[in-house]
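Open the model in your viewer and keep the selection panel at hand. The tour goes from one stop to the next.

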Amino acid sequence: MKIDALTIFPDYFAPLQLSLLGKAQERGIVEFGIHDLRDFTTDNHHSVDDTPYGGGAGMVMKPEIWGAALDTVMTHESDLIILTPAGRRFNQRMAEQFASASHLVFACGRYEGIDARVGEHYAKENFRVHEVSIGDYVLGGGEVASLVMIEAITRLLPGVLGNPDSIVEESHAQDGFLEYPNYTKPPMWRDIPVPEILLSGNHAAIATWRAEQAKKRATEQS
Ligand code: 6GU
């Protein structure tokens, strides 16, 4: 999978070199291209934003710069993801769908967002365009939201996780499912024992107990 991100803060993407994602890159499972939006400005001040038509607070990112930048990376095999708190809420189902894409392009808006004609233009030209939010709160920009999405998506790619079974039984793998609590050695820690059933060797009883615990968690959080 190829992932491009367009941003005025390329340094935000330094963590992609760490841990699972760093290894996935070394193995050639995923390739990242991080692009500085200011490279596509043509004025002396390298300005990327301007005041909103109709008035109001804040600044809006200029469409010409986004168009110039996106034209260098978009093909009809690409999925363009525009990060905005007004977008569709990201969840595990979307992560699974994006994990089967071949090319993701993350457009990271700042300020009051990107001129609305940018998404409209690429949709009109038959590119796949998705406006996505990661939750009901407002961030300073789309960079951190992109990192969240990239981590959720790329860990689903074959060969990224050491044990592919970890994906099957984890929280949100099925709708409304939250994972059961996990324990490791020692059997007693600060006066708290590991639930006895887990030491019983009775696999059927353990599976039943875990299903009950998962269900309890799901009802407690809804
Ligand atoms: Cl994608 N962007 C911004 N700026 N804020 C957000 C968000 C995205 N998702 C939740 N809050």
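Which residues line the second largest pocket? Select D50, T51, P52, Y53, V60, M61, K62, P63, E64, D115, A116 and R117, and you have its lining. Two elements give two or more residues to this lining: β4 (60-61) and α2 (63-71). Keep in mind throughout that this is a predicted model.

Now colour that selection by residue type. Six of the lining residues are nonpolar, one is polar and five are charged. The space inside the second largest pocket is about 230 Å³.

**Next stop: the largest pocket**

Move to L83, T84, P85, A86 and G113. What volume does the largest pocket have? It comes to about 450 Å³. Of its 26 lining residues, L83, T84, P85, A86 and G113 are the closest to the centre.

Show the secondary structure next. β5, β7 and α5 each supply at least two residues of the lining of the largest pocket. β5 gives the most, with five residues. By type, the lining of the largest pocket holds 13 nonpolar, nine polar and four charged residues.

**Next stop: the ligand**

The space that the ligand takes is the largest pocket. In the shell around the ligand, β5 (78-89) and β7 (128-133) are the elements that give two or more residues. The largest share of that shell is again from β5, with three residues.

Select the shell itself: L83, T84, P85, V132, S133, I134, G135, Y137, V138, L139, G141 and A145 are the residues around the ligand. How many of the shell residues are nonpolar, polar and charged? Eight are nonpolar, four are polar and none is charged.

- S133: a polar side-chain atom lies 3.3 Å from a nitrogen atom of the ligand.
- I134: a polar backbone atom is 2.9 Å from a nitrogen atom of the ligand.
- L139: a polar backbone atom is 3.0 Å from a nitrogen atom of the ligand.

Switch to a surface view. On its own, the ligand has 290 Å² of accessible area, and the protein covers 96% of it.

**Next stop: the loop between α5 and β8**

Where is N182 found? It is in the loop between α5 (142-154) and β8 (188-189). Show side chains here. The side chain of N182 makes a polar contact with the side chain of E179, at 3.4 Å.

Stay in this loop and step along to P186, which is also found between α5 and β8. Display the backbone. The peptide bond from K185 to P186 is cis, with omega near 5°.

**Last stop: H46**

Select H46, which lies in the loop between β2 (31-36) and β3 (49-50). Is its phi positive or negative? The phi of H46 is positive, about 50°, although this residue is not a glycine. For context on these last two backbone features, most residues other than glycine have a negative phi, and most peptide bonds are trans.

Key
Residues are numbered from 1 along each chain as its sequence is written. This is a predicted model: local features need pLDDT of at least 70, side-chain atom pairs count only at pLDDT 80 or more; totals for chains, interfaces and linings use all residues. Side-chain values use heavy atoms; hydrogens and water are left out. A residue is near a molecule or strand if one of its heavy atoms lies within 4 Å of it. A polar contact is a pair of N or O atoms within 3.5 Å; within protein, one must be able to donate a hydrogen and the other to accept it, and residues adjacent in sequence count only if both atoms are side-chain atoms. Accessible areas come from the Shrake-Rupley method with a 1.4 Å probe; for residues, only the protein chains shown count as cover. On a 1 Å grid over the protein atoms alone, a cavity is a set of points where a 1.4 Å probe fits but cannot get out, and a pocket is an open set with protein on both sides within 12 Å along at least five of seven lines; lining residues have an atom within 4 Å of a point. A molecule sits in a cavity or pocket if more than half of its atoms lie within 2 Å of its grid points. Helices (H or I, at least four residues) and strands (E, at least two) are DSSP runs, numbered from the N terminus. Ala, Val, Leu, Ile, Met, Phe, Trp, Tyr, Cys and Pro count as nonpolar, Asp, Glu, Lys and Arg as charged, and the others, Gly among them, as polar. Grid points are joined across faces, edges and corners, and a volume is the space filled by probe spheres set on the points.
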